[in-house]
Structure formats: structure tokens, C-alpha cells
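Subject: Structure handover

Hello,

Here is the structure for your files. My notes follow below it.

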Amino acid sequence: MAIAKLNLVSLDFDKDNCNDVLLELYQRDDFHPELASKFTDSVAGLSAYNNDNLYEELLSRIEEMKTKYHFEVPEVETDSQLNVFRDKVRVVQNAMDEQLFVLNDGDDKRIDAVKKELTKMIEENDEAIITLNHVEGSNIDFDQLFGTQYLKIRFGKLPLNNEGKLEYYETLPFVYKAFQRDDKYVWCMYMTTPTDAPEVDNVFTSLYFEKIHIPEFVHGSCELAEKEIQNESDSAKQYSQDLQNRIDKTISENMEELTRIYSVAKKLNSVYAMQKYIVKLGDKLNVHGFVPKSDLDTFKNTFESIDGVKLEVLPATSDVRLDPPTRLKNSWFARPFRMFVEMYGVPRYNDVDPTLLVAISYTLLFGIMFGDLGQGIILSLVGLVAEKKFNLKLGGVGVRLGISSAIFGVFFGSFFGNEEILSEYFKGFSFFNAMSPENTMTLLMAAIGLGIVLILVSMTFNIILNFKKKNMGEAILSQNGLCGVTFYVAVIVAALGMLTGQHFVNIFYILILIVLPLILMFLKEPLIRKLEEHGEMFPNGFGAFFVEGFFELFEVVLSFITNTMSFLRVGGFVLSHAGMMLVVYTLAEMVGGFGEIIVLILGNVFVMCLEGLIVGIQVLRLEFYEMFSRYYEGNGIPFKTIKED
């Protein structure tokens, strides 16, 4: 349970070494950079480094080629000196452009444009063939039809429900002929004069007529025309495939060089986004950031080996403009629970990492509330698979929770809800039967006792943190400080004395251990203002302070009670788990036979999923509301590398 100690590092280098330095920083996982604006805003003469990105254009051209010629370029590891490749990039691209030309009708056109024209023609021909299939048997002679000079002819299809609307336009000079009908369309043609064609075309377009192009080179009957169109489509497809083969060959011949250029350009394009961290002073460049002390030697050796780079190491808190980030450093057991801490926010650099406390308390509470040996083992196995195979953070949490559940399952004598199996093998061991009436009160009181301990631990954490930050007023006078602990412990001890018949509570006990802490908590803010800030105790008047302070103190006392009683849910879920499994076994006995096994399996799965989810949420609630709120602020800055940022 610790926060990694850091050093502030300053790197000075020349423009010529910029790529080398930034690339090395980009690849490291032990450097947290600071924005250049934090320095340029406070020091005259400094500016953020802003150099033109030489590699964005190269990437853009390669991406354009990938889209145009339909190929992929893999990203591979390569050297970083792209400057020597810039001319080579253009040579490769120009060579490919020169090779990707095709002569078409006397004009130079690129292969991709020709392929688009061929594809469009093939699609139109396919539509034409479909139309001709519907026109077959109509005795149309295309030689006579396309030989007319004074008629405009349109083939296509019209939505069936719009065909009847043509009667509204009988006054227009056109001839309409339908060939075939299906469920949606009527396949048809219409003829009109060139003069009237625009008006007639507009009418048919308004009725959603879909014109289908019939090539004018076709001759004779529909069958002969269909054959000619099919021959043209076959030739076009073969020509298109030949062009694609030329594209594939050209790309294959240049792929090695393109891959190298693309990989380096993509890497250095990312590097240029890192200019926001670079401070410029004349011809010198500078980058500030934080490095863990444990990695400092390796970091120094790496950058001192680069010519022209100077490195300066300072204490983490040496620059008041910078807040050191927080890098949590946890043991194997606590590491998966870091996600719960980070959900609330990371601690400040000089605070205490609560991850171990969260790991212990969460595991303990979950194990008690979900105590079952068999189900705990299953939960651990599922968590192990989720962590190792699917790399889920929650899987590591599940492993630990399952082990805790299995341990408490032995204590409760529960194996997949059966409380007889373990009793047969451990006859000398006295299991705690949660469903036994005489154990109910013991269970609930133990839950409250556990809650009291966890609350006191949380308050102790708060006192230590505030003393460490020299917040004496909060450490002593707050509800989670020494006064709060004194009041809380005194009330609990008095209550236990009353329950056990020990009458040691007297007027001095009440005045010193209960009333005095309440008064000090009530006067916390005025006392802090007077002692630490040397200001007025009641700047808004005593009356306003009294009313506000009274209700705040009432809320504090009430919160001590509610927070403590909130831990009753721990005992409640123990009873709930045992009760749900009792229902499962009752249903299984009612079914009997082979169905009994099915009910037991499905019942255990249902209880594990439903109750496991609910218990997990309830424990998280106890962590956040009853414990975190007493000592944890979570307003630190997470340690992020350049790549993560």
C-alpha cells in the first residue's frame, strides 16, 4: 500500500535531436510529461514548440492510395529517421502512378477510373438483361425501334400501385406499353416525341418510374439483344479483372518500401502530436516530466547516451507550478482493487494509498455476505479465467473474493447451500448455522461490531492524513478527527456497559468524553478561523452560525448512528444467502428424480449470479459511503505516460 516516489526530470536538447528524444519518450512507460503551457504562461521569452508536421501529408497520400487501389499496408517496427525517406516516398508513389495508367478511347485514364466505368456498365447491363427477360415474347424488333428518328423510347419499371395514375395524363402525347407484372412492379416502355419528352419524362419520374438503359448496339429480337448485352458484360468483367491484376502486381512490387515508409510516418506523426509538451527557448528545446525513483537510473542511462541531450533531476515538489502525479504501487493481493480506488479518484502525491485497506475490507465483507465453499471455488475459477484469458480487471477481484467466500463457507458449513456435507466430514467442528434462531442476534451484533471497527479504522486514516498534511484543525476538531473518535467510542462503550449491566458511566464521563467533543465539533470552524487563519470567529454573526452549526451537529450525530446500523446489511445478506439456498433445495426435493439435479444446478447458478451481483454492489456502497467519505478525497492527478495521454 504505497504511492511511488517520483523525481522531476528536465530534458534539454537541440532541434536536431527532437525526433530521437520524443520517440524514446513516446515508447516509455515511466515518464509523465507536463504541458509546455505551464511554463510559457509564467516565464517571459518561453514559447511552446510548434514545428510543421512533415509526415501528415505523407500519411495522407498513402491513405489515399490505400482507398483508391483497395489494399492494406501493415504497420511494422522500423527505424525512426524518416527524413532520408521523404524523397523515396514520392519516388515510390510516382512510380506507382505511372504504372497505373491505361489507354482508353485515346485518353489517358487511371485504372481505378476505368474500373469504375466498367463496373457501372456491367451493372447497367445486368439491369437491362432483367428488363429483356420481362419483355421476351412481345415481338419487339430493336433494329426498327432504335432506327426511328422522331421518337424517344424509355424502358424500365413502374411501381404497380402507380400504374393506374397514368389515366390522369391521357392528354399527353405518349404511348405506354406494359410487358409483365410481379408483386411490386410492372415492366414497361413508353414512347413520345423529342419535343414532348421532357414533360412526359417528368410525369413518369413523379410516378417513380425507374429507367433502365438498353444499349443501342443491340439488334433484332429480345433474345438476340440479351445475348449481345451478356457478351459485352462478360468482356467487361474480364477486362476489369485484368486491370485489377495489374494493380495487385504494382502494389506487390512496391509493398516492402511502402510498408516501411508507412510505419515510420505513422509513428512520427504521433510524435508530432507531442509538441505540446516541448518548451522552446531560442534554439534549445526542453521537456519536463516525472519519473519514478525506481526507474531513474535506467531513464538517465537512456537519455545521456543520446548526443546533445542534458538531463537534470530535481525533487518531485521542487517546482510549485507542477503538482506531482500519483502512481499507485500495490502488492499482488491489492492490485486488482485499484480499479475501485480509481473510480473514486486517485489520492494526491503526498497522501496515503487506501488500496490495501479497500482490498482487505472488501474481501472480508464479501466473503462474509457470500459465504459458501462450493460457490466460492466456482467464483475463483471464473475470475481466474476472466483475468488470464480475457484480461479483465474484475477477474482478479473475483479470484480473491471467491477465496474469501470459500473460507467463510467453511465457517458457515455451507457447500453449494448444503449444510450437511461438511458436517459429515468435519464431525468435531462446530459450524455457525446462520439460519438457527439462537444465532441470529449474534450474527447481527457481529455485523455491527465489524462496522464499528471499519469506521474507526477509516477515522484513524483521516486523522493520520490530516496530521501529515498539517491540517491540525481537521485532525483534531472534525467529526472524523480526534473529537469524533472520542465521541463515537465513548457512546459505544457506554451502550455496551448498559447492555452488560456495567454501570461505570457518570457525569464526568458524559461531560468529558461526550459533551466536550460535541462542543468542539460544533465550534470547529470558528476555532480553525481563530487559531489558523487569525480571522473573526463569527464573521456572519453568532446567530447565523448557531442555527447552521446546530443542524450540522445534529446531522453528524445522526450519521454516526445510520453509518453504524448500515452494516446490519452484512448479517442480513448472510441470512439472505442461506434462505435462498434453502428455497433451492426445497424446490429440488419437490421435483425429485433427475429433475432434482437440474434444479440444484440452475438454482446455484441463479443464486451465484443474482446474489453475487447484489452483494458486490452493496459492499462497494459500504466502501464508498461509510468508509471512503470519512478520509478519502481522491483529487490527485493520475500518472499517465505520453502514449496514454
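Of the contacts in the protein chain with a separation of 6 or more, 77% join residues 24 or more positions apart; contact means heavy atoms within 4.5 Å. Two notes on the source. This is a predicted model, in which local features need pLDDT of at least 70 and side-chain atom pairs count only at pLDDT 80 or more, while totals for chains, interfaces and linings use all residues. Residues are numbered from 1 along each chain as its sequence is written, and side-chain values use heavy atoms, with hydrogens and water left out.

Overall build

The protein chain has 22 helices and 14 strands. These are DSSP runs numbered from the N terminus: H or I of at least four residues for helices, E of at least two for strands. The radius of gyration is 40 Å, well over the 26 Å that the globule rule gives for 645 residues, so the chain is more spread out than a compact globule. That radius is taken over C-alpha atoms, and the rule is 2.2 Å times the number of residues to the power 0.38. Along its principal axes the C-alpha trace spans about 125 × 85 × 60 Å.

Buried residues make up 45% of the 645. The cut-offs are relative accessible area under 20% for buried and over 50% for exposed, with partly exposed in between (1.4 Å probe, protein chains only).

The sheet

Four strands form an open sheet in the order β8-β9-β7-β10, with antiparallel pairing. Strands pair if DSSP finds at least two bridges between them. β8 (174–181) and β10 (210–211) are the edge strands, each pairing on one side only. Helix α7 (residues 197–206) packs on the sheet and touches β7, β8 and β9 (185–192). Its direction makes about 165 degrees with that of β9. Axes are lines fitted to C-alpha atoms, for helices over the stretch in contact; angles run from 0 to 180 degrees between N-to-C directions.

β7 (residues 152–159) and β10 share 2 bridges. Gly156 has Lys211 in β10 as its bridge partner.

Glu163

Glu163 sits in the loop between β7 and β8. Its relative accessible area is 17%, so Glu163 is buried. Leaving out residues up to four places away in sequence, Glu163 touches Leu158, Tyr176, Ala178, Arg181 and Val186.

Helix α15

The 32 residues of α15 (residues 437–468) should span 46 Å at 1.5 Å a residue; the end C-alpha atoms are 48 Å apart, which agrees. The expected span is 1.5 Å times one less than the number of residues. Just after α15, Lys470 takes a positive phi of about 65 degrees.

Regards
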